[in-house]
Structure formats: C-alpha cells, structure tokens
Amino acid sequence: MYIVLLEYIKPLDEVDYTLADHVDWLNKQYEAGYFLASGRQVPRVGGVIIARPMPRGKLDALLATDPFAVQKLVRHRVVEFQATRTAPELAKVNEAALT
C-alpha cells in the first residue's frame, strides 16, 4: 500500500483554481478502485492519498496525470508500506496486500 503526501509548491489561489479538475481526477481513481482515502492536510499545506497495493510504476503513472502535477502545483512524496494489520473494515485490502 502507499501513502502519498502532496505538498503545495504554488500559492493556494493557484491550487484552488485547479481544485475541481483534481477532484474529478480523484473520483476517477476511486471509481477504478485505486484509492482508499484522501483529503487535505491540516494546516492546508497539501494533501494525503492512501492508495491500494499496485506496482509502484503504475502509481507513479497515475500521479503524473493528477492535474495538480500537470500544472506543477504539487510535489508528490510516496511512502510504500506493507499492511501487516488492519481494522476489520479493511480486511479485504489487507488480504490483497499480503498476496
């Protein structure tokens, strides 16, 4: 699994201008089953995405299509981890991670 940390590298007014496109992109990733959770960091200096297990190259390719990345508004920092324990609600995700 992955935790993706987004760090804004441009002013928030530029980020907000592209926010609707970014949300549409997120929706597509959820529909495809790639993402489990996402949201803003507090304070609002970027965002966080929790992604399902997948080849790292596939995740990198997905992130490259993020409108925030295309517009050079963010830096993505990817932390890969192996989920060895999860809450019961995430049991299926954990099973996928261990196979």
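**Close-up views of a predicted model**

View 1. From tyrosine 8, aspartate 60 is separated by 52 residues in sequence and by 18 Å in space, C-alpha to C-alpha. The model is predicted: local features need pLDDT of at least 70 and side-chain atom pairs pLDDT 80 or more, while totals for chains, interfaces and linings use all residues. Numbering starts from 1 along each chain as its sequence is written, and side-chain values use heavy atoms, without hydrogens and water.

View 2. Threonine 18, in helix α1 (residues 12-31), counts as buried at 8% relative accessibility. Apart from neighbours within four places in sequence, threonine 18 contacts (heavy atoms within 4.5 Å) Pro67, Phe68, Gln71 and Leu73.

**View 3. The largest pocket.** The largest pocket holds about 160 Å³ of space. Of its 14 lining residues, Leu19, His22, Leu26, Gly39 and Arg40 are the closest to the centre. At least two lining residues come from each of β1 (2-8), α1, β2 (35-40) and β3 (46-51). A pocket here is an open set of points on a 1 Å grid over the protein atoms alone, where a 1.4 Å probe fits, with protein on both sides within 12 Å along at least five of seven lines; lining residues have an atom within 4 Å of a point. Points are joined across faces, edges and corners, and the volume is the space filled by probe spheres set on them.

Key
Helix = DSSP H or I, 4+ residues; strand = E, 2+ residues; numbered from the N terminus. Buried < 20%, exposed > 50% of the residue type's maximum accessible area, 1.4 Å probe, protein only.
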